[in-house]
Structures are given as C-alpha cells and as structure tokens.
Amino acid sequence: MFLCTLIGLIWGGYQAIYHPDSPLPREWNPTKPLEITDPVTPLTAWKLERALASTQSCLAVLETTANFTRMNDLETSETCHIKGRVDLRGVGDAALAPIETRCAIAVRLAMWEHHALQPAALEQLGANITQIDHIGSYNCRRIRGSAERWSKHATADAIDISGFRLSDGTDLRLIKDWDDGGPKAAFLRRARDSACEWFRVTLSPDYNSLHADHFHLQSNGWGLCR
C-alpha cells in the first residue's frame, strides 16, 4: 500500500511539472526557463544562473523585455573582450544610452529594473523610472590603483550606473543626491541594497571615493555589497 502511494505521488509530481497543461505556475516550475517578469520565488536565483550559463539562453531571456541588438563577440586580447556582446538601449520601461556590454549584465540589469527599481521609485518618489544613466561597461583597463589586476570592465562583466531619471522630471545623481538626507538619498540606498540581490558585486559611494559618482555592478564575484 505504501509503495503504491509513493508511486502515485511521484507520478503526480512528474505530471505537475512536465505535463504541457501543468497547473504549476511557471515561476515555480523548474522546467520552465526564466522570464524577467515572473514573480520572484526560491527558484528564481537558480533559474537566473541557468539562463546565464550560455549566450543562447541568456539572449532568449533578454528578448522578452529589453531593447537590444545582438553583436558579434569582441576579441581584443586574452584580457580584453566582450563575449555574448549586445548593444543595449533599454530594459523594461527604462531607456539607456546605447551601451555595448555582455548579455549577462543586461539580464541582471533587467531583473533589477523590474523587481526592485520601479517598485521602489513608485513607492518612495511617486514616479516611474524612465531612464537609467550609466558611465560605461566595457573598458580595456586594469583596476584603478592596481598595476596587475585587470578590471571586470575589461570583459564587460560590470556596468557603472550614475543616476536615474523619473517620469515626473526628477533627475537623481549619485554624486549630488547620495548624502542629501532626503527621499532621493533614501531611494538611492534602496537601489544599492536591491542591486546586491541581482548582481554578484555592488559597490557604491559608501565603498570608497572612486565610487562617489556611481554604482559599480558586476555579474561575477564573491558577493561584496557596500
């Protein structure tokens, strides 16, 4: 009797996951690929990593919610290149000045915009984000102040965000609003904290003076959030 029950449960679980008409919501279904607009669940982080495992799967996710053009990989040298290269011009409802970056950065940026930035801007500032301002992604250089270590910008595994523009005309700049003590500063800190959930490394003006005017966001690293 126990064996029959166990087999029934296994079969039911299989059907719930793999059947084309499965009642299981896609955000809870491990066989369904990530979609940017899916509600966040305990499976989301795993789905995100799976999506970023290949350029093909990454681009498939990006296709649904970004304004971009796929480009050929850039191979300048062993230390300087862009693999999974895209010309990105917007994520979700937010525009960006054209920027060449990796698909992985674009997907993480899209997740941040949809699940964190837009809700926070509406709640704290009463407006939507219409533009995310940046100061670059790819830059074939070493880490500033280091003669040996290459920057993650050298492989476009990072993007620097300098501010945001809102639907009511509000212009937020890290360089002038981070320490103003008002709602703009509160939003920027919430933006920083939520970036830590979607990027592997997030550095803000609290990190050091070199980041006084931007968030440094990386798609790889060991989880530093400052």
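**Exercise 1. Determine how many disulfides a search of the whole structure finds, and state their pattern along the chain.**

Solution. The search of this predicted model finds 3 disulfides. When the bonded cysteines are counted along the chain, the disulfides follow the pattern 1-3, 2-4, 5-6.

**Exercise 2. Describe the disulfide of Cys58 and Cys103: its handedness, its place in the chain and the burial of its cysteines.**

Solution. Step one concerns the bond itself. The sulfur atoms of Cys58 and Cys103 lie 2.1 Å apart, and a disulfide requires them to be within 2.5 Å. The torsion about the S-S bond is about -105 degrees, so the disulfide of Cys58 and Cys103 is left-handed.

Step two locates the partners. Cys58 belongs to helix H3 (residues 55-62) and Cys103 to helix H4, so the pair ties together parts 45 residues apart in sequence.

Step three considers accessibility. Both Cys58 and Cys103 are buried.

**Exercise 3. Carry out the analysis for the disulfide of Cys196 and Cys225.**

Solution. The sulfur atoms of Cys196 and Cys225 are 1.9 Å apart. With 75 degrees about the S-S bond, the link is right-handed. Cys196 lies in helix H6 and Cys225 in the segment after strand S10 (215-218), 29 residues apart. Cys196, at 21% relative accessibility, counts as partly exposed. Cys225 is also partly exposed, with a relative accessible area of 36%.

**Exercise 4. Work out how helix H4 is oriented relative to helix H6, and which residues make the contact.**

Solution. First, the axes of H4 (residues 103-125) and H6 (residues 183-198) come within 10 Å and cross at roughly 155 degrees. Angles over 145 degrees count as roughly antiparallel, and H4 is therefore roughly antiparallel to H6. The crossing is right-handed.

Next, the contact residues are identified. H4 contributes residues including Arg108, Met111, Trp112 and His115, and H6 contributes, among others, Pro183, Phe187, Arg190 and Trp198.

Finally, the residues of this contact are sorted by class: 13 are nonpolar, 3 polar and 4 charged.

**Exercise 5. Describe the arrangement of helix H2 relative to H4, and give the classes of the residues in their contact.**

Solution. The axes of H2 (residues 44-51) and H4 come within 10 Å, crossing at roughly 155 degrees. H2 is therefore roughly antiparallel to H4, and H2 passes H4 in a right-handed crossing. On the H2 side the contact is made by Thr44, Leu48 and Glu49; on the H4 side it is made by Val107, Arg108 and Met111. By class, these residues are 3 nonpolar, 1 polar and 2 charged.

A comparison of the lists then shows that Arg108 and Met111 of H4 take part in the contact with H6 and in the contact with H2.

Notes. Residues numbered from 1 in each chain as written. Predicted model: local features only at pLDDT ≥ 70, side-chain atom pairs only at ≥ 80, totals over all residues. Heavy atoms only, no water. Axes fitted to C-alpha atoms, helices over the stretch in contact; angles between N-to-C directions. Helix = DSSP H or I, 4+ residues; strand = E, 2+ residues; numbered from the N terminus. Parallel < 35°, antiparallel > 145°, perpendicular 65-115°, else oblique. Left-handed = near helix turned anticlockwise from the far one by under 90°. Contact = heavy atoms within 4.5 Å. Nonpolar A, V, L, I, M, F, W, Y, C, P; charged D, E, K, R; others polar. Buried < 20%, exposed > 50% of the residue type's maximum accessible area, 1.4 Å probe, protein only.
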